[in-house]
Protein chains: 2
Amino acid sequence: MPGNPAVPVAGNRFCIVGGASLVGSATAGELLDHGAAEVVLFDNFAFGSDAAIAHLKDHPRLRLVRGDVMRMANLLRATEGMAGVLQLAAYMTLSMDRDPWGGLDVNIRGVQNALEACRANKVQKVVFASSNAVYGYGPGVSGDLVEGTPFHSVGAPPAAILYGASKIIGEQLCRDAFRKWGQDYVILRYSTVYGERQHYRAANALYIIETYDAVRRGEAPKVFGDGSETKHFVYVGDLARANRMAFESQATDVAVNTSGPAPITTLELVRLVTELAGGGPEPIFVGNEPGKVRLTSGGAFRIAHEEAFRAIGWTPEVDMKEGLRRLIAWRESNEGRAAA
Amino acid sequence: MPGNPAVPVAGNRFCIVGGASLVGSATAGELLDHGAAEVVLFDNFAFGSDAAIAHLKDHPRLRLVRGDVMRMANLLRATEGMAGVLQLAAYMTLSMDRDPWGGLDVNIRGVQNALEACRANKVQKVVFASSNAVYGYGPGVSGDLVEGTPFHSVGAPPAAILYGASKIIGEQLCRDAFRKWGQDYVILRYSTVYGERQHYRAANALYIIETYDAVRRGEAPKVFGDGSETKHFVYVGDLARANRMAFESQATDVAVNTSGPAPITTLELVRLVTELAGGGPEPIFVGNEPGKVRLTSGGAFRIAHEEAFRAIGWTPEVDMKEGLRRLIAWRESNEGRAAA
């Protein structure tokens, strides 16, 4: 029915823009498991990888389309006949630092292009992958981060602010599309994702893998600062479920946080990874490494996800211990070893 | 001397990107009065106008270059041999609402292009026109707005947030250029500009002219809400001086507010304009007009300009009464009547 923002997954077709990725592949699996008629993974393989989708690529209802979000023609073809589009394609902070021109193109013009393609093809609903980076960085970021928390930037490196501001702009482009042509959408503000098929691109998630690798080599894991710095991760399977529920729910014209059950300090994280690795040396406390982009927040914070429950009925289910256990089990599998 | 961020105005050449404008023409006059060897006004005349520069166009040391910030070739030619570049070209909120694609291009890619052109031509210093829009809108914006105040967006229309976020990105591109290739720059966060050669494009400044026009027609001026809403304007001549001082000062890698002596409430503003117009009907209090983009702030705020004094020695000199007197005198002149 036209004008109904709820898009059932079973029997419908979905396109995941930036699909050859950690979140893209997990979401494709989730949508296929729930009866999607087809899932199109659209990717230019600049950051996406064959490894991220190797386990899915022979699925009969999955189609891989090589294309670029900067090319309208590619997007117009890929989104034809789709009931829903998940817009994931983005540069994150590390790549934004290396190539701000490319990053701003993809994170801003790429979102505009995707929205225009959805308009042209009458796609019912867009789910846009935003980030808790819309709350920014630095000492101002503390306490409960709720959907109305402003964007802090004092003390943050340019690339991090560029990333956060580009996500703010992507969100507003969705709001503008809703106002101007009634495009239904849900924005999910992902916190840092981790899990099976973990990649090496995201500054915070990378830290988990680096820590694990160090412990496995018998080296002491590094803790930056005093270890009290907060991180709030979300398990990739929980995010895949959030993406599916965003399509299925009646919600539209809304932005909500999707974070894991609870935050963790850096020291707690390192201890947990060490324990799951079967033990290892005590961590060493070090200063910042020069030349490396690191994202520091002020003190303790928690990314509140209660709004996501109200809007789309979602709440995270996998805690850090279980999520890390799954990540490490994958890492030790043939697939994980091949990916490393 | 290389590496000295102070660029004397006398004897040097300057390019003003987006120069056929209120601030551009005033700054050109200021730089020429202080002995600049040449001032290039670069504009595509999308928003700029011949009227804004008619009084200057026969100046022997002024050169008008028609060109577009989206065309690198145009910028590379215009910035050749320049000691300083003032980057003014931008869409503001009203035009961002009509054309977000064009606005994001100019406000983001345009700034990247200008910085790249400055790098190629070894321009010593860039002054970037940012905005108090980097503090955002809505009820969160109150009290003293200082350079570290975060970006608030709850309750603001998409176009306003796009504008503010695009200015945040422009600022970070300057910071990135400083870090990556040592580009000296000063960011001035302009508050709403008004003064002679006032145009009809900016949501807040427009209100002054609309009010004056209504009073002159014998109509009651409109006050939106209860009239207690704060505005903090800056007189265009003060801004022209700030731009000059930003070039001349030792300051680099810094962003400061440039606002007028004090904020004013909407009701005070209407009473002042009515008084300067020689009297008129009492204002009427009205609700918001549907379909019109209006920028509302929460309660009382003040844009603090003390940092600008510390960084570049600037402080505003023209208060609202004097600035409005000058604006109205211009408006009643032959030039002002022709422009209306």
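The model described here is predicted. Beyond its neighbours within four places in sequence, A:I169 is in contact with A:I108 of its own chain and with several residues of chain B, including B:L104, B:I108, B:L162 and B:I169.

The interface between the chains involves 30 residues of chain B in contact with 30 residues of chain A. Together, chain B and chain A bury about 2600 Å², and 66% of this lies on carbon and sulfur atoms. On the side of chain B, the residues that lose the most area to chain A are B:W101, B:P158 and B:I169, which together account for 23% of what that side buries.

Eleven residue pairs are in polar contact across the interface of chain B and chain A. The elements of chain B that give two or more residues to the side touching chain A are helix 5 (100-120) and helix 6 (158-181). Helix 6 of chain B supplies the largest share of that side, 13 residues. By class, the side of chain B that touches chain A has 16 nonpolar, six polar and eight charged residues. Two salt bridges are counted between chain B and chain A.

Over all chains, the structure holds 46 salt bridges. Side chains of opposite charge can pair when their charged atoms come close. The table gives some of these pairs.

| Salt bridge | N to O distance |
|---|---|
| B:D105 and A:R109 | 3.1 Å |
| A:R189 and A:E171 | 2.7 Å |
| B:E317 and B:R241 | 3.7 Å |
| B:E282 and B:R271 | 3.3 Å |

The salt bridge between A:R189 and A:E171 joins strand 7 (residues 184-190) to helix 6 (residues 158-181) of chain A, so the pair ties together parts that are 18 residues apart in sequence. Both A:R189 and A:E171 are buried.

The salt bridge of B:E317 with B:R241 links distant parts of the chain, 76 residues apart: B:E317 lies in the loop between helix 10 (306-312) and helix 11 (320-331) of chain B, and B:R241 in helix 8 (residues 236-248) of chain B. B:E317 counts as exposed because its relative accessibility is 59%, whereas B:R241, at 13%, counts as buried.

In the salt bridge of B:E282 with B:R271, B:E282 lies in the loop between helix 9 (266-276) and strand 14 (284-286) of chain B and B:R271 in helix 9, so the pair ties together parts that are eleven residues apart in sequence. B:E282 counts as exposed at 54% relative accessibility, and B:R271 as partly exposed at 40%.

Methods:
Residues are numbered from 1 along each chain as its sequence is written. Chains are lettered from A and ligands numbered from 1 in the order in which they are written. This is a predicted model: local features need pLDDT of at least 70, side-chain atom pairs count only at pLDDT 80 or more; totals for chains, interfaces and linings use all residues. Side-chain values use heavy atoms; hydrogens and water are left out. Contact means heavy atoms within 4.5 Å. Buried area is the accessible area (1.4 Å probe) that two parts lose on being put together, summed over both. A salt bridge is a side-chain nitrogen of Lys or Arg within 4 Å of a carboxyl oxygen of Asp or Glu. A polar contact is a pair of N or O atoms within 3.5 Å; within protein, one must be able to donate a hydrogen and the other to accept it, and residues adjacent in sequence count only if both atoms are side-chain atoms. Helices (H or I, at least four residues) and strands (E, at least two) are DSSP runs, numbered from the N terminus. Ala, Val, Leu, Ile, Met, Phe, Trp, Tyr, Cys and Pro count as nonpolar, Asp, Glu, Lys and Arg as charged, and the others, Gly among them, as polar. Buried means under 20% relative accessible area, exposed over 50%, partly exposed in between (1.4 Å probe, protein chains only).
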